[in-house]
Amino acid sequence: MAVLRIRTIGDPVLREESRKIENIGDEIIRLAESMIETMRVYRGIGLAAPQVGESVSLVVVPSREDWEEAESVAIVNPVLSRLKGSIMGEEGCLSVPGFSENVKRSEHCVLTGQDLDGNEMRIEAQDFLARVFQHEVDHLKGVLYVDRLSPLKRQFVLKRIQRELKDRE
Ligand SMILES: [Zn+2]
């Protein structure tokens with residue numbers, strides 16, 4: 001288990017479409033464990049493999065709505081379904097450090113996939129957890145939450161981010 005380096009906006013790996021995982025071997029298990037550790041250290045609420053530089057279809061997320069108490073679970077090849085409703089809420093991302101914006105998401109969704117033993121998993125989520133699931137699955141498609149903003153807002157935010165990140169260098 002290791003704490004992995006978080007890739008930030010501008011890194012091309014965040015824009016790639018993630019590969020489906022055909023075989024859950026030691027490498028994937030190690031990656032998932034390290035992602036959970038990395039998420040804990042950086043106080044993230046969800047992390048997708050591309051955020052640590054691995055373009056594979058793997059996320060780690062809280063297992064329940066009371067995410068502060070819930071244990072984190074790894075989900076292999078996650079798929080969203082039953083997206084319903086629409087709700088605005090604040091969102092941030094470890095790959096876009098120091099920023100948060102209001103993003104429109106579905107209020108309800110179901111996440112299915114496999115656990116690290118290859119068993120089918122299904123988690124039904126509302127509100128905040130549903131938001132986390134949609135955010136993480138977006139990462140696997142190379143989508144960041146800033147892409148979900150209106151074009152004008154997006155342009156404004158991206159400029160601000162570029163400026164800030166340059167200042168921090
Ligand atoms: Zn994110």
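**Overall fold. Of the contacts in the protein chain with a separation of 6 or more, 63% join residues 24 or more positions apart.** Two residues are in contact if their C-beta atoms, placed from the backbone, lie within 7 Å. The model is predicted: local features need pLDDT of at least 70, side-chain atom pairs count only at pLDDT 80 or more, and totals for chains, interfaces and linings use all residues. Residue numbers start from 1 along each chain as its sequence is written. The protein chain holds three helices and seven strands; these are DSSP runs numbered from the N terminus (helices: H or I, at least four residues; strands: E, at least two). Their pattern along the sequence is α-β-β-β-β-β-β-β-α-α. The radius of gyration of the protein chain is 15 Å, close to the 15 Å that the globule rule gives for 169 residues, so the chain is as compact as a globular protein of that length. This radius is taken over C-alpha atoms, and the rule is 2.2 Å times the number of residues to the power 0.38. Along the principal axes, the C-alpha atoms fill a box of roughly 45 × 35 × 30 Å. Of the 169 residues, 30% are buried (20 or more other C-beta atoms within 10 Å of the residue's own; exposed means 12 or fewer, and partly exposed lies in between; C-beta atoms are placed from the backbone).

**The sheet. Five strands form an open, antiparallel sheet in the order β1-β2-β3-β6-β7.** Strands β1 and β7 stand at the edges with a single partner strand each, so one side of each is left without a neighbour in the sheet. Two strands count as paired if DSSP finds at least two bridges between them. Strands β2 and β3 pair in the antiparallel sense over five bridges, and P62 stands opposite S72 in β3. Helix α1 packs on the sheet, where it touches β1, β2 and β3, and its direction makes about 40 degrees with that of β2. The angle is taken between N-to-C directions and can run from 0 to 180 degrees; the axes are lines fitted to C-alpha atoms, for helices over the stretch in contact.

**The hairpin of β6 and β7. These two antiparallel strands are joined by seven bridges.** Residue G113 stands opposite M121 in β7. Five residues lie between the strands of this hairpin, and G118 takes a positive phi near 90 degrees there.

**Helix α2. This helix lies across β1, β2, β3, β6 and β7.** Helix α2 runs at about 165 degrees to β2. The 14 residues of α2 (residues 127-140) should span 20 Å at 1.5 Å a residue, and the end C-alpha atoms are 21 Å apart, which agrees. The expected span is 1.5 Å times one less than the number of residues in the helix. Helix α2 is mostly covered, with eleven of its 14 residues buried; among them are L129, V132, F133, H135 and L140. After α2 comes G142, whose phi is positive, near 80 degrees.

**Helix α3. This helix is hardly covered: the count of buried residues among its 18 residues is zero.**

**The nonpolar cores. The largest nonpolar core has 26 residues, of which M35, L58, V59, V60, A125 and F133 touch the most other members.** A nonpolar core is a set of buried Ala, Val, Leu, Ile, Met, Phe, Trp, Tyr and Cys residues joined through C-beta atoms within 7 Å. Two or more residues of this core come from each of α1, β1, β2 (58-62), β3, β6 (108-114), β7 (120-126) and α2. Helix α2 gives the most, with six residues. Leaving aside residues up to four places away in sequence, L58 touches I21, I28, L31, A32, A49, A74 and V76. Another core, of five residues, lies apart from the largest one and includes V96, V103, Y145 and V146.

**Positive phi outside glycine. Residue R43 is not a glycine, yet its phi is positive, near 55 degrees.** Residue R43 is found in the loop between α1 (26-41) and β1 (47-48). With 7 other C-beta atoms within 10 Å, R43 is exposed. Residue N77, also other than glycine, has a positive phi near 50 degrees and lies in strand β3 (residues 72-84). Here 18 other C-beta atoms lie within 10 Å, so N77 is partly exposed.
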